[in-house]
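Let's take a walk through this structure together, one piece at a time. Keep the viewer open and follow along as we go.

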Amino acid sequence: MNNLLEIRNLRITTLRGKSKVLLLDKVDLDIPHKCSFGIVGESGCGKSITANAIMNMLPYPLSISDGDIRYDSRNGEVELLKLDKKAIRAIRGQEISMIFQEPMTSLDPIFTVEMQMYEALAFHHPAMTRQEMRDRALEMLHRVNIPRPEQTLASYPHQLSGGQLQRIMIAIALINDPRLLLADEPTTALDVTIQAQILRLMNDLKEQNDTSIVMITHDLGVIAETCEEVAVFYAGQIVEQANVMELFHHTAHPYTLGLLQAVTSLGGESRMLYTIPGIVPPGGQWSQGCRFADRCARCTERCREAMPALTEISPGHKCRCFLNSEEVEA
Amino acid sequence: MRDYIIRRLLGLIPILIGISLAIFIIMQLIPGDVVSGILGIEQTPELRAMWEKKLGLDKPLVEQYLTWIGKAVTGDFGESFRTGAPVFPEIMSRFRISAELAIMGCIFAWIIALPLGIISALKRNSVIDRVVRVIALMGVSIPNFASATLIILFLAKGFNYHTPVKYVGLFENFGTNMEIMVIPAFILGSVMAGSVMRMTRSSMLEVLRQDYIKAVRAKGAPERVTIFRHAFRNSSIPIITLIGMQIGSLMGGTVVIEQIFSIPGLGQYTLTGINQRDYPVVQGCVLFIAVLYVVINLLVDILYTYIDPRISYN
Amino acid sequence: MSEQKRDILLDVRHLQVYFPIKSGLFKKVVGHVHAVEDVSFTVARREVFALVGESGCGKSTTGSAILRLIEPTGGEVYFDGENLSALNEEQLRLKRRDMQFIFQNPYASLNPRMNVWQLLSEPLKVHFTLSPEELKNRVEEMLARIGMTPDQLWRYPHQFSGGQKQRISIARALITHPSFVVADEPVSALDVSIQAQILNLMMELQQEMELSLVFISHDLNVVRHISNRVGVMYLGSLMETGNTEEVYRHPAHPYTQALLSAVPSHDPANKSKHIVLEGDVPNPASPPTGCPFHTRCAYCTEECRQAKPQLREIAPDHYAACHHMIKGD
Amino acid sequence: MKREKKPVINRALPGNESLLRQLWNDPMGRAGMIGVGLVILLAVFAPWIARFEVGKMNSKARFAAPNATFWFGTDNFGRDIFSRIVYGARVSIIVGVVAVSIAAGFGYLFGLIAGFFEGKAESVIMMVMDIIFAFPHILLALFIVAVLGKSIVNTMIAIGIVNIPVFTRTVRASVKTVKSTDYIANARSIGLKKMAILFRHVTPNILAPFTVQATLALSGAILTEASMSFLGLGIQPPDPSWGSMLSDARKYMEQAPWMAIFPAVFIIVTILSFNILGDALRDVLDPKLKL
């Protein structure tokens, strides 16, 4: 296996009443080793559920209807979706970790930080002594720049600030030296100066470790600051994927272009902001053609009739648009 | 923590005063008066005056209240009109029987309700979940006296079995006592079981959706740890609140159950008091049960602080 | 624009909002959250003044206190020369025709049991006596202005998307033709591609209706785009204020500098050089002495710990509250 | 920061027509509506449905097993059980509705005052409610009836009083939630008068939890009445009540089990129907709670 993680043909559905509704549609994704990979898109595009699917933790009533996820673990290649419960638990927190959007609610309110850090160790190393766990926990708190680590260990989550809690979440996520860290909007709930702290911390930790990071966000600024490779999600599909420089400087898909213009026109000369008209079509209301067609200024007849395929338009740069390639989705 | 308990204890005082006032005021609403109730047709002015003096009815209302409440705090609830026996010792001895019944009822309820509620939440919308929800709904909807009557009928017709009529204490003969108590306790617990099951299910579902449960799973936690250490402990607060509040209806339920199964507990005593217009008995029992309810709920509140560190911090 | 030439509509003087902290059996007041601490600024006619800062800095409380939706603890607010603080409840209520509020969360700020017609006609019924015809015309005119059609009048809020709901909120606020509006984070609950649509609408309406706008936001890019003047808040105090471009180009206060540098750049080739602040914002229930920012400031001296700096003019229409005033670019 | 808060209390349901339709489309809601509907039909049309005069004794037909004439059999006085059950429905519903109206009326008023105006009034009201709440429902009701005397009116008053606190609490909690919503702040910012806010904005938005509470309280009130009558302290003979019918049946359990079975079944089905309806109503009115 060349990559750390390979997702193939992943489909996720939810139940609406008694009918199944597709939320993620045939996604292929490769996460290389030692890479920071960005997934960007608006709410409901399928970016978060992809991360949950990797962990095999989709909440009810979501379920994986098709596809497989291969992962290059320390003990060799595994198929994440085919693992039994015990095996996937050994992966979670040890091989693959995850941090979440809301640090304020991501720690159990009735236990101390100490207990929640020890727990992460004990699940995977039952033989560890209390002293060893304490040493490791303190070391991790140092690494994420928590002032007064001893005192923090004895605290309950409600006694700490959002920024501190997110650091602790990162410390817990990295406590077993995972090879992959899934970060689901880790700074969205934080203030901009705290966001800067956390992003810098994550960049530093990436330098120190061999961990690959998947950064899931709606904020192109966060992507530009932290990622090497980017995939843009729209309505349950990848619409564009490229190296971060390529994506920002040679943007190919009209949706990506729209997102970029919407944010960059903020500082621009024109008083009127660039807007993408209309709204994202929710799951269950996708047309057979290109899902961006209704909002696209360059939409043609063909866009409404057929779905463009995600094709490579230059080395390493994939795009799903008839403006770049005539290929139709099979 | 100690400050919290002291604060709660102080907060109890106005409630207790309120309860006693409420009982006193309701007692004043008795049509006619107590003395004619006692004397019936034998009343003469002399006897009447004697009883009024004895009961302190010749004094102003405020003084009557203060005398009553002053005695009540020292454990003097007065004497029964019918038997002349002091009320408080009788309440205490009968309370033991009712407490046994209530505790057994609670245990039945929890043994049934907590596991079923948890399973129902974990397997929601499955067949098990639906069955559990129906059972729970039946539990809260079937009145004690109806299920008791039907069960007695069923046992009598189907197995020619009759529950023992004469009450035997727990320490006199354990086996017979259990034979007497099991069915009533089960019926008494069924209402609580129904509501605890519903609360456990909804509270578990609420907690299972929380981010920290997702985070615990992401750490690689075994389901057992996720469910019991994290989810159940967090969802226990509304369940405990409910249980505290259910203590009241449990005590109310003993009135009915003890009557049906001829168990000489506090409920039966109260009901006899009501039927015989034996006001000191009624007044004493009602005061005792209300205070008991308040005290149990205080203990529940204190229990919270052990479960949830956020509470004592206001 | 210098102070003399500006046609002042709103004059906020030493505004202060404290929230009592109650504790114990008798709910005794044991302290105060210093939400807004001595804030003064002015807003001219047809001007967009932005209040920017991080969560908990008091910007939203300031916005609500200006309109007395929250009662200020101290200070005065003059609106068109009239002291709002001196008005009684009824006088204030009538005054609201001319000064409105737009809320952050369109999902929560529209009564779910009222349809669009009820939502839009209600403010008119409160403040005007109109014939049914006039009422209908005014509502339909406003509806068209926000890009909606009359057939949507009978729908309820839950039948609209977030962006549409915020359009309705804006229409409800502007239908009485106020001269002044406070908009509290009006786009932050919306998706990126919808934000721009709403901002455009607000800017158009501001121009057309010659509104004065206090725009509250944590989004520095949005603030730069929409406002003429800006006030940067931290821990209940105004740290820096002035012409928006001037403040963004030459931030003088160390906090403003850190705040502006923390915004992620949208160009991976040109990553911003962050000034990363250490630590967290202090608790507003026990704010530090002296300068509110001194606990995290790299230039902190003894003076900063002792005395609270006042806003001083450091350039034309550019004020900052700092003892040191490091001129930055 | 994109943190979408869900609207509190309910998502609006335009008009009641669609509410009933939504209930009907839900299997549980439909079951509840049918059950409750049947009991109400029995109560309203009792004189037409009953086959015999309700108190009519027939010494020749004592303990008759269910047959073509006496569908549910007869009791120890030879009275037709079916007819007594039909009239018993009337008694249950009347007692339930009157008691819940008393409770809901006072509870609404107290809850609104406590929730909307807060301050001293709230402290006093909630203290009184806590005190009433400290007495077990049935015990307090029995106590009140014991003091006031046994009668149908006193039964209704007693059940009404014991149900006031739960309504007060529901209304107060909903008013407080609604009051803290942005749409109430919005109504203030528009310049609405306090009373207009209270009646136009607050009241419609607390109707949902209030309606749910009323439905559940009805089942509770019917249960309490049946329990009291069972203990001989509720509805007094010769008025038929399911509770007292069941109580009478206990003496003749061996020879005439139908005397127990039919009243028991009707009590259970009635209370179950109201509870199912209440649950379904809550699910429809407040999708957030539907778990």
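Before we start, please keep in mind that this is a predicted model.

Now look at the individual pairings. Strands β1(A) and β2(A) run antiparallel and are joined by nine bridges. Within this pair, Thr13(A) stands opposite Leu22(A) of β2(A). The hairpin that β1(A) and β2(A) form has two residues between the strands, and Gly17(A) there takes a positive phi near 65 degrees. Strand β1 (residues 5-16) of chain A also pairs with strand β4 (residues 63-73) of chain A, again in the antiparallel sense, over seven bridges.

Chain C is our next stop. Chain C holds ten helices and twelve strands. Its radius of gyration is 21 Å, close to the 20 Å that the globule rule gives for 329 residues, so chain C is as compact as a globular protein of that length. The C-alpha trace of chain C spans about 65 × 60 × 45 Å along its principal axes. Chain C has an open sheet of four strands in the order β2-β1-β4-β5, with antiparallel pairing. Its edge strands are β2 (28-44) and β5 (82-83) of chain C, and each of them pairs on one side only. Strand β1 (residues 8-23) of chain C runs antiparallel to β2(C), and twelve bridges join the two. If you want a landmark in that pair, Phe19(C) stands opposite Val33(C) of β2(C).

Next come the helices of chain D. Two packed helices are described by the angle between their axes and the distance between the axes. For α2 (residues 27-44) and α11 (residues 258-285) of chain D, the axes come within 8 Å and cross at roughly 135 degrees. Helices α2(D) and α11(D) are therefore oblique to each other, and their crossing is left-handed. Among the residues that make the contact are Gly29(D), Gly32(D) and Gly35(D) of α2(D), along with Leu272(D), Phe274(D) and Ile276(D) of α11(D). Sorted by class, the contact of α2(D) with α11(D) has twelve nonpolar, five polar and one charged residues.

Finally, how many residues does the contact take from chain B and from chain D? It takes 42 residues from chain B and 36 residues from chain D. On the side of chain B that touches chain D, the helices that each supply at least two residues include α1 (2-28), α8 (174-208) and α10 (223-261) of chain B. The largest share of that side comes from α7(B), with eight residues. By class, the residues of the side of chain B that touches chain D divide into 31 nonpolar, nine polar and two charged.

Terms used. Residues numbered from 1 in each chain as written. Chains lettered and ligands numbered in written order. Predicted model: local features only at pLDDT ≥ 70, side-chain atom pairs only at ≥ 80, totals over all residues. Pairing = 2+ DSSP bridges. Axes fitted to C-alpha atoms, helices over the stretch in contact; angles between N-to-C directions. Parallel < 35°, antiparallel > 145°, perpendicular 65-115°, else oblique. Left-handed = near helix turned anticlockwise from the far one by under 90°. Contact = placed C-beta atoms within 7 Å. Nonpolar A, V, L, I, M, F, W, Y, C, P; charged D, E, K, R; others polar. Rg over C-alpha atoms; globule rule 2.2 N^0.38 Å.
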